[in-house]
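Trainee: I have not looked at this structure before, and I would like to learn how to read it. Could you take me through it one feature at a time?

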Amino acid sequence: MKTIPLTPPDNSPISRSLLDCSPQELTDFVNALGPRPKRANGKAAGVPTYRIRQIQEWIYKKYARSFEEMTNLPQALRDSLAAKATLTPLQPVTQRVSKAGDTQKVLFQMPDGETVEAVLMLYDRRRTLCISSQAGCAMGCTFCATAQGGLRRNLTAGEIVAQVLFFARYLSEAGEGPKMRVKRPTTVTNIVLMGMGEPMHNYDNVWTAIRRLTAADGFGLGARHITLSTVGLIPMIDRMSDEGLQVNLAVSLHAPNNPLRSKLVPLSRRYPVDDLLASVRRYIAKTNRRVTFEYALMRGTNDSPALAEDLADKLRGILCHVNLIPLNPIPDSSFQPTSDRDTQRFAEILQKGGISATVRIRRGIEIDAGCGQLRNAAEA
């Protein structure tokens, strides 16, 4: 396990993060860096389009750490970029790897001193990233470590993308960084927006990041390899159905009835379970895509056979899959994980009721892998 203590934010002026630039914004920024050669009509010539493509390739395909690495750019341009811009808004301050070597969690610090977490998880054929969309969260879920500190701010699109590029670089470099049980070089195969924050509460920045991650001139990951999770902001689910990308939708349900769910997920008082499921049906009707329901099992709270039967009844007829999650508990919390036996019983009841259901493998308990836990530990 490798741990690096937190450091104070840099007090120097914040440079322009190129990860927050669209291709046009990147072009405008580079053109504004300094004097350009004159055309015959006396006007300054713009930076050639191929230069912008080269910069994008260095950022999104080669994961450059510095502008000096961009060796096919003129030295003067590299110097100007280094003086006015930055390649990443994130600084890793704590890195932990599980004893099994299959999970790595990183706590990042941003220029304003806020911190955010991301996790790399290794499976047989997948290298999955769980990334964050907000510093903190406003949803107030009672069993979640992130919710304890409330919402501090939204992440920019560049800060969301930067988490992916950090781990993409790690996976591409044999021998660099903490040792994990993976043969490198390799690449990221899947991304889930299930880290700190509610992605739908930061909708515009999240979808800007998703489009950059799926763009051919960006990171280039297939949309079907990205999953966006929500606790149930109904208007945003309806909006997502019109986005035109085959991104997967996951809904954090955690209870089949509104009285219980309202105790676990306060948003359910505004958007009740039945209304939420109606929005999921609308989403499926428009997109023809299966939805995943996340269900964190908590001992003595939402794990009874009767609740499993109620859940099966609620979901019958919906094109869906239930992902049962053994809770990663917060220290001193009244919410504790369900036993393996009761977890399996819950899954079997759903399956007998005609509902597709599996149990997620729990990872990284000893490295505070649950959402918000590492940040809370670092700030304690």
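Trainee: In which strand is the place of N323?

Mentor: Please keep in mind throughout that this is a predicted model. N323 sits in strand 13, which covers residues 320–326.

Trainee: Is N323 buried or exposed?

Mentor: A residue counts as buried when its relative accessible area is under 20%. N323 has a relative accessible area of 12%, so it is buried. Leaving aside residues up to four places away in sequence, N323 touches T292, F293, E294, Y295, T358, V359 and R360, and with one of these, E294, its side chain makes a polar contact of 3.4 Å.

Trainee: Which strand pairs with strand 13 in the parallel sense, and over how many bridges?

Mentor: Strand 14 pairs with strand 13 in that sense, over three bridges, and V359 in strand 14 is the bridge partner of L324.

Trainee: What is the order of the strands in the open sheet?

Mentor: The sheet has 10 strands with mixed pairing, and they follow the order 3-4-5-6-9-10-11-12-13-14. Strand 3 (91–97) and strand 14 (357–359) stand at the edges, and because each has a single partner strand, one side of each is left without a neighbour in the sheet. On average, and ignoring direction, neighbouring strands of this sheet are turned by 20° against each other.

Trainee: Which strands does helix 5 lie across?

Mentor: Helix 5, made of residues 203–214, lies across strand 9 (190–193) and strand 10 (226–230), and runs at about 170° to strand 10.

Trainee: Where is E117, and which side chain does its own side chain meet in a polar contact?

Mentor: E117 belongs to strand 5, residues 115–122, and its side chain is joined to that of K105 by a polar contact of 2.8 Å. With a relative accessibility of 3%, E117 counts as buried.

Trainee: Which residues of helix 1 are buried, and why do they line one face of the helix?

Mentor: The general idea is that an α-helix has 3.6 residues a turn, so residues three or four places apart point the same way. In helix 1, residues 23–31, the buried residues are L26, T27, F29 and V30.

Key
Residues numbered from 1 in each chain as written. Predicted model: local features only at pLDDT ≥ 70, side-chain atom pairs only at ≥ 80, totals over all residues. Heavy atoms only, no water. Buried < 20%, exposed > 50% of the residue type's maximum accessible area, 1.4 Å probe, protein only. Helix = DSSP H or I, 4+ residues; strand = E, 2+ residues; numbered from the N terminus. Polar contact = N/O pair within 3.5 Å; in protein donor to acceptor, adjacent residues only side chain to side chain. Contact = heavy atoms within 4.5 Å. Pairing = 2+ DSSP bridges. Axes fitted to C-alpha atoms, helices over the stretch in contact; angles between N-to-C directions.
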